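The sequence and the model come first.

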Amino acid sequence: MSKKIAIIGGGNLGSAIAEGLINSGFTKPENIVITKRNIVTLQPLEEKGVMVTNDNKKAVEFADYVILAVKPFQIKEILEYLKPSLDPKKHVLVSVITGIWVKDIKEILGEEFTLFRAMPNTAIAIQQSITCICKHNANEEQIKFVGDLFNQLGKTVFIEEKLMDAATVLGACGTAYAMRYIRANIQGGIEIGFDAATASLIAAQTVKGAAELLLTKHTHPEQEIDKVTTPKGCTIAGLNEMEHQGFSSSLIKGVVTSYKKIVTDM
Ligand SMILES: NC(=O)C1=CN([C@@H]2O[C@H](COP(=O)(O)OP(=O)(O)OC[C@H]3O[C@@H](n4cnc5c(N)ncnc54)[C@H](O)[C@@H]3O)[C@@H](O)[C@H]2O)C=CC1
Ligand SMILES: O=C(O)[C@@H]1CCC=N1
């Protein structure tokens, strides 16, 4: 029998997960229930056959796998409310909530539950996320199910929980860093003659192609850079100027600053 999936919190991420699971054919819409306090924005999912409700208890009672996709400050109250309806022998919990640790959930629900933490990024909306996952108390079947689920939504990597904050920075904040890189290229492209739309297309597709080269050929970025940099050419002149201005250093410092912010504040 197909496993039933409840998504608690049908916001950006929760809705994108439901959308991706249906589009990929991972499960039928009738195996998914998604919740939100005001369900109006979930109508497109309802039209596709997903059960939509503002009743979290009803959703949990329907489900085997419960994906928690609310904001960090909301989870304690929601789990305390759901505790009587959650059964460690039936339910597997999957939290995508930033900064909520296995120990935080165990403090509320007790020791027995099977828990996964997953850190996707916003490209999950087009099934192109990298999702870093860690497991707790999970058996092979549960690990396979959760791995398969997020593999429908992009790529996955299983990591230790102590790396979840680092995964948040590199994988989830990383989308924003990449957008700034692309934006800067667009601004430069306009200054050297392109209109904004053409510059955007060239910049975005160039970055997509560069990423695909690494993912397909498993090369190091510097090997691919060697193929572009003609001796005495324009690429190396531009790259070296970027480095003189602190390009790599500023990115590394930004990554470390984001990490420190998570570790100290969240
Ligand atoms: N945006 C990102 O790049 C990433 C976000 N995350 C994490 O995912 C979680 C969700 O993020 P978003 O989807 O961007 O937030 P969001 O605010 O769009 O979604 C949260 C949803 O939960 C709903 N909600 C609030 N209380 C509820 C309740 N009692 N019952 C049911 N639904 C309730 C809200 O109405 C909202 O629609 C956050 O904890 C965030 O830290 C994780 C990875 C990446
Ligand atoms: O910046 C934030 O708070 C979250 C963490 C992952 C993506 N956005």
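**Entry 1. Ligand 2.** Taken alone, ligand 2 exposes 250 Å², and the protein buries 47% of that. Accessible areas come from the Shrake-Rupley method with a 1.4 Å probe, and for residues only the protein chains shown count as cover.

**Entry 2. Conventions.** I note that this is a predicted model, in which local features need pLDDT of at least 70 and side-chain atom pairs count only at pLDDT 80 or more, while totals for chains, interfaces and linings use all residues. Residues are numbered from 1 along each chain as its sequence is written, chains are lettered from A and ligands numbered from 1 in the order in which they are written, and side-chain values use heavy atoms, with hydrogens and water left out.

**Entry 3. The chain as a whole.** I recorded 11 helices and eight strands in the chain; helices (H or I, at least four residues) and strands (E, at least two) are DSSP runs, numbered from the N terminus. The C-alpha atoms fill a box of roughly 70 × 40 × 30 Å along the principal axes. Of the 266 residues, 38% count as buried, where buried means under 20% relative accessible area, exposed over 50%, and partly exposed in between (1.4 Å probe, protein chains only). The accessible surface comes to about 15400 Å², and 58% of it belongs to carbon and sulfur atoms. Among contacts between residues at least 6 apart in sequence, 60% join residues at least 24 apart; contact means heavy atoms within 4.5 Å.

Entry 4. I consulted the UniProt record, an unreviewed entry, which lists residues 4–97 as "domain: Pyrroline-5-carboxylate reductase catalytic N-terminal". UniProt also lists residues 161–261 as "domain: Pyrroline-5-carboxylate reductase dimerisation". UniProt positions are given in the numbering used here, feature names are shortened, and annotations may be inferred rather than shown by experiment. In the model, residues 4–97 are 34% helix and 20% strand, with their end C-alpha atoms 21 Å apart. The span 161–261 is 83% helix and 0% strand, and its end C-alpha atoms lie 18 Å apart.

**Entry 5. The sheet.** In what order do the eight strands of the open sheet lie? I read the order as S3-S2-S1-S4-S5-S6-S7-S8, with mixed pairing; two strands pair if DSSP finds at least two bridges between them. Strand S3 (51–53) and strand S8 (154–158) are the edge strands, each pairing on one side only. Neighbouring strands are turned by 20 degrees against each other on average, direction ignored. Helix H1 (residues 12–23) packs on this sheet and touches strand S1 (5–8), strand S2 (32–35) and strand S4 (65–68). The direction of H1 makes about 165 degrees with that of S2; axes are lines fitted to C-alpha atoms, for helices over the stretch in contact, and angles run from 0 to 180 degrees between N-to-C directions.

**Entry 6. Strand pairs.** S1 and S2 run parallel and are joined by four bridges, and the partner of Ile 7 in S2 is Ile 34. Ile 32 and Ile 34 point one way from S2, Val 33 and Thr 35 the other way, and all are buried. In a regular strand the side chains alternate between the two faces of the sheet. Strands S6 (114–119) and S7 (129–136) pair in the antiparallel sense over five bridges. In S7, His 136 is the bridge partner of Leu 115, and Cys 132 stands opposite Met 119. S7 and S8 pair in the parallel sense, also over five bridges, with Lys 155 as the partner of Ile 130.

**Entry 7. Positive phi.** Most residues other than glycine have a negative phi. I therefore noted Asn 137, with phi near 65 degrees, in the loop between S7 and helix H6 (140–151), and partly exposed at 45% relative accessibility. Lys 232 also has phi near 65 degrees. Lys 232 lies in the loop between helix H9 (221–228) and helix H10 (234–244) and is exposed, at 87%.

**Entry 8. Leu 214.** I located Leu 214 in helix H8 (residues 196–217), partly exposed at 29% relative accessible area. Leu 214 touches Thr 219, His 220, Pro 221 and Glu 224, not counting residues up to four places away in sequence. Leu 214 and Glu 224 are 10 residues apart in sequence and 8.1 Å apart in space, C-alpha to C-alpha.
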